[in-house]
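Please keep the sequence and the coordinates in view while reading.

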Amino acid sequence: MAITSANQLELLQTAEAVAREKMIDPELVIEAMEESLARAAKSRYGMEMDIRVSIDRKTGKATFKRFRTVVADDELENYQAEFTVEQAKEYMDDPKIGDTFEEEVPPVEMGRIAAQSAKQVILQKVREAERDRQYEEFKDRAGTIINGVVKREEYGNVIVDVGRGEGILRRNEKIGRESYRPNDRIRCYIKDVRREARGPQIFLSRTDPQFMAELFKMEVPEIYDGIIEIKAVARDPGSRAKIAVISYDGSIDPVGACVGMRGSRVQAVVNELQGEKIDIIPWNEDAPTFLVNALQPAEVSKVVLDEEAERIEVVVPDEQLSLAIGRRGQNVRLASQLTGLDIDILTEAEESERRQKEFAERTALFMESLDVDEFFAQLLVAEGFTSLEEVAYVEIDELLVIDGVDEDTANELQARARDKLEAANKKAMEHARELGVEDSLVAFEGLTPQMLEALGEDGVKTLEDFATCADWELSGGWTTVNGERVKDEGVLEKFDVSLEEAQNMVMTARIQLGWVDPADLEGDEEETEDGETTAEAEV
């Protein structure tokens with residue numbers, strides 16, 4: 001094919017037709033044609049040459065130009081596309097390194113192979129442009145619901161036609177044992193849109209908790225308008241789900257609005273989710289109250305919250321235990337997902353047994369350490385004393401409120417407690433020294449002899465060792481492994497060292513060693529106040 005006046009206009013018409021068909025910019029098609037013509041010219045004149053083609057956007061005339069760049073003598077590599085300053089003087093008046101000389105070359109005759117190559121270039125460019133258009137169209141639709149038509153099923157994965165693209169509903173994103181046939185209509189949640197080598201991949205889901213939230217948004221106008229907000233969702237796809245809602249209008253009941261007249265609204269969602277049972281729960285910012293709601297229909301007797309560990313203990317009547325746990329642990333698992341807390345469920349009998357065991361252990365501790373009889377030790381425990389430190393250093397007035405304790409008795413109790421603590425400290429320090437704990441760590445403020453002993457047993461023997469510890473290694477923490485929260489035991493956790501205290505101690509050690517400049521920390525604090533940015537704890 002020769003680029004002649006007869007078919008110059010045809011280039012533009014072809015570009016327009018392809019662009020309309022593929023719904024892409026005609027400019028991209030013309031650029032692809034320019035690249036394919038340039039490749040054909042290089043195969044005719046030499047692949048080493050720098051030949052570029054420009055097509056006039058109005059007339060369709062293709063102009064072929066050869067470019068040569070002026071380079072230094074020692075940098076000359078490609079004789080076809082580069083030349084030295086001396087060589088350039090033959091063509092240019094005052095050549096300088098970096099200048100470009102261009103000259104027009106005759107159009108080429110495109111043979112069968114060159115034409116096929118040009119076609120491949122154009123098709124490739126068109127495909128890339130199509131992918132870009134599809135990605136741009138769907139990237140902002142992640143997190144929304146889309147209606148599509150099933151095209152085919154591949155190894156359990158469903159390929160869905162979503163209009164100007166294809167989405168994939170993976171086997172594990174289908175509800176239960178759902179099966180689809182070609183041309184079935186399907187409603188899915190766009191979980192993610194990613195740009196990949198073979199084009200944008202639209203990942204769909206019907207098991208994602210947010211799919212249910214979006215369905216409620218479609219069925220409940222108050223949620224769409226922002227009067228009611230969905231605060232949390234937990235699902236066991238195809239079986240049961242819990243959704244927590246709150247109303248910002250006191251006159252509107254959030255649970256009733258989501259249920260609808262005679263259950264019409266929630267029933268529409270249930271039908272879409274293949275009969276999945278849905279518990280609609282009023283959200284409460286008070287975690288224990290919210291948890292009591294989340295564990296419905298089970299009744300709860302008592303709740304104990306450990307905010308630092310993000311754990312919660314729930315005490316239920318003995319006959320309510322199976323209801324609170326649910327079939328295969330479903331009820332408590334969904335409540336845990338909804339609240340974001342680890343839940344331990346105890347019966348009233350188990351909780352009573354545990355309290356009695358703790359009472360007996362503390363009684364034995366005071367009997368042995370303070371050399372008192374069982375009745376007196378039980379009095380101390382009943383008054384809320386849990387450790388020797390509390391007895392030794394509490395205000396004496398708190399001991400005087402115990403029946404039968406006068407000032408002399410209180411002073412004697414505190415003296416015995418302090419003597420016992422001093423003996424334990426001395427023994428712990430001797431052991432820490434035997435383990436190799438050095439003076440630099442012993443002198444560090446805030447570490448007790450028992451803490452030093454525990455650090456020495458863990459191999460932390462110098463201030464440098466201590467400064468390299470992570471805060472969670474000292475205080476303990478929680479990590480998520482395969483979707484389950486796992487406890488990381490801290491070296492100083494048994495001494496009730498919090499994560500914040502561990503952070504402060506480690507940072508102080510680093511400052512003392514000169515690893516950290518205190519001025520830098522002050523700058524970080526100012527940024528936190530002014531820029532409203534915070535650093536997450538290392539857990």
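In which helix is Ala-17 found? Ala-17 belongs to helix α1, residues 5-22. Helices (H or I, at least four residues) and strands (E, at least two) are DSSP runs, numbered from the N terminus. With a relative accessible area of 35%, Ala-17 is partly exposed; buried means under 20% relative accessible area, exposed over 50%, and partly exposed in between, with a 1.4 Å probe and protein chains only. Ala-17 and Val-29 lie 12 residues apart along the chain, and their C-alpha atoms are separated by 9.8 Å.

The model is predicted, so that local features need pLDDT of at least 70 and side-chain atom pairs count only at pLDDT 80 or more, whereas totals for chains, interfaces and linings use all residues. Residues are numbered from 1 along each chain as its sequence is written, and side-chain values use heavy atoms, with hydrogens and water left out.

For the protein as a whole, the secondary structure comes to 22 helices and 17 strands. Of its 539 residues, 39% count as buried. Contact means heavy atoms within 4.5 Å. Among contacts between residues at least 6 apart in sequence, 54% join residues at least 24 apart.

The loop between α8 (264-272) and β12 (277-282) contains Leu-273. Leu-273 has a relative accessible area of 0% and is therefore buried. Leaving aside neighbours within four places in sequence, Leu-273 is in contact with Ile-175, Phe-211, Met-212, Leu-215, Arg-235, Gly-238 and Ile-278. Between Leu-273 and Arg-240, which are 33 residues apart in sequence, the C-alpha to C-alpha distance is 9.9 Å. The loop between α8 and β12 also holds Gln-274. At 48% relative accessibility, Gln-274 counts as partly exposed.

Backbone geometry deserves attention at this point. Most residues other than glycine have a negative phi. Gln-274, a residue other than glycine, has a positive phi near 60 degrees. Arg-328 is not a glycine either, and its phi is positive at about 55 degrees. Arg-328 is placed in the loop between α10 (321-325) and α11. Because its relative accessibility is 75%, Arg-328 counts as exposed.

The next element to consider is α11. Helix α11 is mostly covered, with eight of its 10 residues buried. These buried residues are Gln-330, Asn-331, Val-332, Leu-334, Ala-335, Ser-336, Leu-338 and Thr-339. Their cover includes the strands β10 (228-236), β11 (240-247), β12 and β15 (342-347), together with the helices α9 and α10. After α11 comes Gly-340, with a positive phi near 75 degrees.

How does α11 (residues 330-339) pack against α9 (residues 287-294)? The two helices pack at an angle of about 145 degrees, with their axes 9 Å apart. Here, axes are lines fitted to C-alpha atoms, for helices over the stretch in contact, and angles run from 0 to 180 degrees between N-to-C directions. The crossing of α9 and α11 is right-handed; a crossing is left-handed if the near helix is turned anticlockwise from the far one by less than a right angle, and right-handed if clockwise. On the α9 side, Phe-290, Leu-291 and Ala-294 meet Asn-331, Ala-335, Leu-338 and Thr-339 of α11. By class, this contact has five nonpolar, two polar and no charged residues. Ala, Val, Leu, Ile, Met, Phe, Trp, Tyr, Cys and Pro count as nonpolar, Asp, Glu, Lys and Arg as charged, and the others, Gly among them, as polar.

A further helix pair is formed by α12 (residues 348-370) and α13 (residues 374-382), whose axes come within 8 Å and cross at roughly 120 degrees. The two are therefore oblique to each other: angles under 35 degrees count as roughly parallel, over 145 as roughly antiparallel, 65 to 115 as roughly perpendicular and the rest as oblique. The crossing of α12 past α13 is right-handed. Phe-359, Arg-362, Thr-363, Phe-366, Met-367 and Leu-370 of α12 make this contact with Glu-374, Ala-377, Gln-378, Leu-380, Val-381 and Ala-382 of α13. The residues of the contact comprise eight nonpolar, two polar and two charged.

Within α12, the residues Glu-351, Thr-363, Phe-366, Ser-369 and Leu-370 are buried. Asp-371 follows α12 and has a positive phi near 55 degrees.
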